[in-house]
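Me: I have a model open and I'd like to learn how to read it feature by feature. Can you walk me through it?

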Amino acid sequence: MTKEMTCIVCPNGCLMRVEQNGDDIQVFDALCKRGLEFAKNELINPTRSITSTVATAFPDYPLLSVKTDGELPKDKIFQAMELINKIVVKDRIKVGDVILSDVFGTNIVATSDMTLNAGEKRVDN
Ligand code: SF4
């Protein structure tokens, strides 16, 4: 089987030709070896990280940016987003605080800080 695949590991976005013959996977047109690892993961166990926002109970800060602190199986993204969309944060959250733990093997963490005053918002991606 031969297919084209775009590596998303870095901004180069190499468009790779991937040839799979059973367990033998060969990658062409990748600029580095990470392309091979990406292609193998995509074929065997594709994973992704998520960035999103969650609702809060605070009118002055109605949305809090969040992300996963790792990757989860690609086929669980929709279910993970359903869980994220149900969250309403009721405490003032800091960057890195866990909003929801063990979401398909990863945690949802804050990437912005609700404890800072307006104008001094720190965002951590
Ligand atoms: S193959 Fe290497 S250089 Fe190309 S997008 Fe992937 S990580 Fe970046």
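**Reading the model**

Reply: Let's start with a pair of strands: strand 5 (residues 51-56) and strand 6 (residues 63-68) run antiparallel and are joined by five bridges. Val54 sits across from Leu64 of strand 6. Strands here are DSSP runs of E with at least two residues, helices are runs of H or I with at least four, and both are numbered from the N terminus. Two strands pair if DSSP finds at least two bridges between them. Before we go on, note that this is a predicted model, where local features need pLDDT of at least 70 and side-chain atom pairs count only at pLDDT 80 or more, while totals for chains, interfaces and linings use all residues. Residues are numbered from 1 along each chain as its sequence is written.

Me: How many bridges link strand 9 and strand 10?

Reply: Three, in the antiparallel sense, with strand 10 covering residues 106-110. Val98 has Val109 of strand 10 as its bridge partner. Their hairpin has two residues between the strands, and Phe104 there has a positive phi near 50 degrees.

Me: Where is Asp102, and what is its phi?

Reply: Asp102 is in strand 9 (residues 98-103). Its phi is near 55 degrees, positive although the residue is something other than glycine. For exposure, count the other C-beta atoms, placed from the backbone, within 10 Å of the residue's own: 20 or more is buried, 12 or fewer is exposed, and in between is partly exposed. Asp102 counts as exposed because it has 9 C-beta neighbours inside 10 Å.

Me: Back to the start of the chain, then. How do strand 1, strand 2 and strand 3 pair?

Reply: Strand 1 (residues 2-6) and strand 2 are antiparallel over five bridges, and strand 2 and strand 3 are also antiparallel over five bridges. For landmarks, find Glu4 opposite Arg17 of strand 2, and Val18 opposite Val27 of strand 3. The hairpin of strand 2 and strand 3 has two residues between the strands, and Gly22 in that hairpin takes a positive phi near 65 degrees.

Me: Is Asn21 buried or exposed?

Reply: Asn21, which lies in strand 2 (residues 15-21), is exposed because its C-beta neighbours inside 10 Å number 9.

Me: What is the phi of Asp29, and where does Asp29 lie?

Reply: Asp29 isn't a glycine, yet its phi is positive, about 75 degrees. Look in the loop between strand 3 (24-28) and helix 1 (34-44). Asp29 is partly exposed because 13 other C-beta atoms lie within 10 Å.

Me: Which residues does Asn41 contact, leaving aside its neighbours within four places in sequence?

Reply: Call two residues in contact if their C-beta atoms, placed from the backbone, lie within 7 Å. By that rule Asn41, in helix 1, touches Pro46 and Thr47. Asn41 is partly exposed because it has 14 other C-beta atoms within 10 Å. Ala80 is 39 residues from Asn41 in sequence, and their C-alpha atoms are 20 Å apart.

Me: What surrounds the ligand?

Reply: A residue is near a molecule if its C-beta atom, placed from the backbone, lies within 6 Å of it. The shell includes Cys7, Cys10, Cys14 and Cys32, along with Arg34 and Phe38. Ala, Val, Leu, Ile, Met, Phe, Trp, Tyr, Cys and Pro count as nonpolar, Asp, Glu, Lys and Arg as charged, and the others, Gly among them, as polar. That gives eight nonpolar, three polar and one charged residues around the ligand.

Me: Now the whole chain. How is it divided?

Reply: The division is into domain 1 (2-44) and domain 2 (51-110), with bounds from an automatic or database domain assignment. Their centres, taken over C-alpha atoms, are 30 Å apart. The chain has two helices and 10 strands, and 16% of its 125 residues count as buried.
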